Amino acid sequence: RMLKFIKSLFGPSINYRTLMENDAVIIDVRTPQEFDNGHIKGSKNIPLNIIQTEVNKIKSWNKQVITVCQSGGRSSMAKSILKNAGIEVYNGGGWMSLQSKL
């Protein structure tokens, strides 16, 4: 029962693998240098400091978006920006952690 209560606080768990099967796009919001040192294959590097300027481009893809960064902080901020723009977006947290779930 306690686990069910905890899950209800945080909402349903997200199946990232299903999102990817449904053609979701992973946006890595780290710096280009961080991205070059390793990233999820196929992910797009749009650093957090410019994501606001890329909103219309991202919207034009008409896909679900998963944001990732190093630990989850920047991807959470990016999620808020994209969500406010009307994009269906999920915070994937740290890219290495998400990669292990795919």
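Author: The model is a predicted one. Read along the sequence, its chain follows the pattern α-α-β-α-β-α-β-α-β-α.

Reader: Is Thr-67 buried or exposed?

Author: Thr-67 belongs to strand β3, residues 65-69. Buried means under 20% relative accessible area. Thr-67 has 0% relative accessibility, so Thr-67 counts as buried.

Reader: Which residues of β3 lie on each side?

Author: In a regular strand, side chains alternate between the two faces of the sheet. In β3, five of five residues are buried, and both faces are covered. One side holds Val-65, Thr-67 and Cys-69; the other holds Ile-66 and Val-68.

Reader: In what sense do β3 and β4 pair, parallel or antiparallel?

Author: Ile-66 has Tyr-90 of β4 as its bridge partner. From β3 the chain passes through helix α5 (residues 73-84) to β4, in a right-handed β-α-β crossover. Over five bridges, the sense of the β3 and β4 pairing is parallel.

Reader: Which residue stands opposite Ile-66 in β3, where β1 pairs with it?

Author: Strand β1, residues 25-28, pairs with β3 in the parallel sense over four bridges. The residue opposite Ile-66 is Ile-26.

Reader: What share of the chain's residues count as buried?

Author: The accessible surface of the chain is about 6500 Å², with 52% belonging to carbon and sulfur atoms. Of the 102 residues, the share that count as buried is 37%.

Methods: Residues numbered from 1 in each chain as written. Predicted model: local features only at pLDDT ≥ 70, side-chain atom pairs only at ≥ 80, totals over all residues. Heavy atoms only, no water. Helix = DSSP H or I, 4+ residues; strand = E, 2+ residues; numbered from the N terminus. Buried < 20%, exposed > 50% of the residue type's maximum accessible area, 1.4 Å probe, protein only. Areas by Shrake-Rupley, 256 points an atom, 1.4 Å probe, with all protein chains shown as cover. Pairing = 2+ DSSP bridges. Right-handed = clockwise from strand over helix to strand, strands pointing away.
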